[in-house]
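Subject: The structure for you, with notes

Hi there,

Here is the structure I promised to send over. Please have a look at it first, and then read on for my notes.

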Amino acid sequence: MTIMTALRGVRDSRVTLVVVASTALFLDEFLLAVVVPILPVVFLDMCLGLDSSTFAGLGNVTGYSPTSLGPITATDVNESPYKECERAVNTQMGLFFGCQFAIRVVMGFFGNYICERFGFHLPMFVGCTLLLVSSLVYAIAESHAVYFTARMIHGLAAIPNDVAALGLLAYRFRDNDETRGFVLGIAISGFAVGTMISPPFGGVVFFYLGKAAPFIIIAGFLGLLALAEIVIYDHSTTQEKVGVMATVRLLLDPLILVQAGVLTIASMGFGLLEPSLPIWMLGTMDVEEWQLGIVFLPLSIASIIGSLVLGYFSYKIGRWLCAAVSMVVLGIALSAIPFGGNIAGLIAPMTMFGLSFGSLDATTCALFNLLVEQRHRGAYGGAATLTIITFSIGFVVGPALSAALVNVIGFPWMLRGTGILTVLCSPLCLFMRNVDRAPSSGTNEEERMLILGTHKPETVVCQGQS
């Protein structure tokens with residue numbers, strides 16, 4: 001067996017494809033979430049005039065600070081200058097988290113067109129390259145402007161990377177809806193694994209090696225991913241060209257619009273929580289900086305379980321039902337988080353949140369692909385684009401509202417109000433009850449083509465509602 005034959009076998013393997021696509025999603029989320037325990041401390045240090053290049057700066061905000069501020073104790077956090085800086089950093093973190101997803105929303109409408117014009121593999125490679133650039137900019141950042149620049153580059157990278165990865169999997173597994181739902185669950189678990197590993201990794205590496213080290217390590221892994229994407233590159237996996245308005249036409253479908261609203265509401269809760277929880281912990285608990293990342297570990301582990309297990313079994317028990325129950329559990333979990341007075345008290349609600357969010361994410365992605373297959377002739381790139389856009393809208397609205405709501409009504413009531421809203425919106429999933437069925441693996445080819453349309457096997461088309 002020659003080397004070229006072996007490489008061709010690896011490139012054509014579905015297993016390899018799943019691994020590479022899941023890794024692309026994992027590293028995107030890894031870079032996204034690694035800043036969660038790092039930047040609140042860095043921005044607080046900047047505001048207080050400390051040096052955050054190492055942990056000789058702010059350090060534990062409940063412990064010793066080597067500046068004239070002296071020790072910062074739990075009773076000091078309501079006094080100036082710390083309290084003023086906390087309010088300022090809440091606003092900065094909200095803008096920081098939101099700017100990337102604002103770019104995702106704008107660029108997301110071009111995601112389907114990008115896949116139609118260039119296929120799936122080339123956008124994945126371009127997205128990986130931009131992620132590499134973003135991580136290196138993070139590593140050299142010394143000011144707010146450079147950090148925001150890195151974040152916006154990441155926003156540009158996310159659309160080609162994520163849309164192409166999800167679209168490619170949906171396309172390659174289009175012959176079996178049950179298997180496709182499971183594979184998409186595996187891919188989405190890449191997001192969850194990134195969320196699980198990244199904050200603890202970022203906190204620990206930041207604590208011991210400084211703020212540039214996490215991003216340099218991520219850049220190394222992105223370089224390896226780029227090599228893997230070159231190996232599996234296949235220019236024949238393309239869609240027919242139908243124009244940049246394809247995603248807009250999909251959004252005119254009321255069922256797709258309902259499903260998009262469900263995912264937006266859920267991701268908005270995550271968007272509210274991510275930038276504000278570490279700052280709330282710094283002000284109310286006696287915590288070390290590395291613990292700011294560890295607190296997200298139960299959420300991430302549960303999210304992996306939710307996306308993998310329910311991503312598979314939701315096909316059998318009804319995806320609409322899984323989505324509805326997940327929204328109720330997610331709302332309850334959000335409302336319960338403020339009652340956690342310490343790290344241990346946050347474990348249960350964070351686990352509930354992760355399990356429900358992972359389940360909702362996987363089932364929603366599968367429903368998007370089912371809808372475009374049944375009603376829009378298999379526009380898988382469009383389905384992936386909608387998943388990214390709706391997720392991103394929640395992460396634009398969430399961080400933007402987080403800064404204002406925390407400063408006005410406080411962190412606890414912000415989460416309680418969001419939890420109540422999520423539960424109230426769960427009945428929207430009932431609209432999906434009658435369409436949550438697709439041809440099974442036993443459906444013959446003639447019946448399947450009635451849904452997919454009479455297009456060439458190597459292409460998928462978005463032509464409006466059939």
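Below is what was found in it, from the overall fold down to single residues.

A word on the basis first. This is a predicted model, so to speak of local features a pLDDT of at least 70 is needed, side-chain atom pairs count only at pLDDT 80 or more, and totals for chains, interfaces and linings use all residues. Residues are numbered from 1 along each chain as its sequence is written, and side-chain values use heavy atoms, with hydrogens and water left out.

**Overall picture**

The protein has 18 helices and zero strands; both are DSSP runs numbered from the N terminus, with helices being H or I of at least four residues and strands E of at least two. It has 466 residues, and 60% of them count as buried. Here buried means under 20% relative accessible area, exposed means over 50%, and partly exposed is in between, with a 1.4 Å probe and protein chains only. The accessible surface is about 17100 Å², and carbon and sulfur atoms hold 70% of that; the areas come from the Shrake-Rupley method with a 1.4 Å probe, and for residues only the protein chains shown count as cover. Among contacts (heavy atoms within 4.5 Å) with a separation of 6 or more, 86% are between residues 24 or more positions apart.

**Cores and a surface patch**

The largest nonpolar core holds 103 residues, and Leu39, Leu169, Leu277, Met281 and Ile337 touch the most other members. Helix H7 (residues 144-172) gives the most to this core, with 13 residues. A nonpolar core here is a set of buried Ala, Val, Leu, Ile, Met, Phe, Trp, Tyr and Cys residues joined through side-chain atoms within 4.5 Å. Beyond its neighbours within four places in sequence, Leu39 is in contact with Met93, Phe96 and Tyr147. There is also a second, separate core of 14 residues, which includes Leu371, Val372, Ala383 and Leu386.

Ile230 belongs to helix H9 (residues 213-231).

**Salt bridges**

How many salt bridges does a search of the whole structure find? It finds three, taking a salt bridge as a side-chain nitrogen of Lys or Arg within 4 Å of a carboxyl oxygen of Asp or Glu.

One of them pairs Arg104 with Asp28, with the closest N and O atoms 3.3 Å apart. Arg104 is in helix H4 (residues 82-108) and Asp28 in helix H2, so this pair ties together parts that are 76 residues apart in sequence. Arg104 is buried at 2% relative accessibility, and Asp28 is buried at 0%.

Arg104 also forms a salt bridge with Asp162, the closest N and O atoms being 3.6 Å apart. That pair links distant parts of the chain, 58 residues apart, with Asp162 in helix H7 and Arg104 in helix H4. Asp162 counts as buried too, at 0% relative accessibility.

The side chains of Lys211 and Glu142 also meet in a salt bridge, at 3.3 Å from N to O. Lys211 lies in the loop between helix H8 (177-209) and H9, Glu142 lies in the loop between helix H6 (121-140) and H7, and the two are 69 residues apart. Lys211 is buried at 8% relative accessible area, whereas Glu142 is exposed at 57%. As for the network, salt bridges with shared partners join Asp28, Arg104 and Asp162.

**Some single spots to look at**

Ser22 sits in helix H2 (residues 14-33) and is buried, with a relative accessible area of 12%. Leaving out neighbours within four places in sequence, Ser22 is in contact with Ile186, Ala187 and Gly190.

Phe296 is in the loop between helix H12 (291-294) and helix H13 (297-317), and is buried at 2% relative accessible area. Not counting residues up to four places away in sequence, Phe296 touches Val36, Pro199, Glu274, Leu277, Pro278 and Met350.
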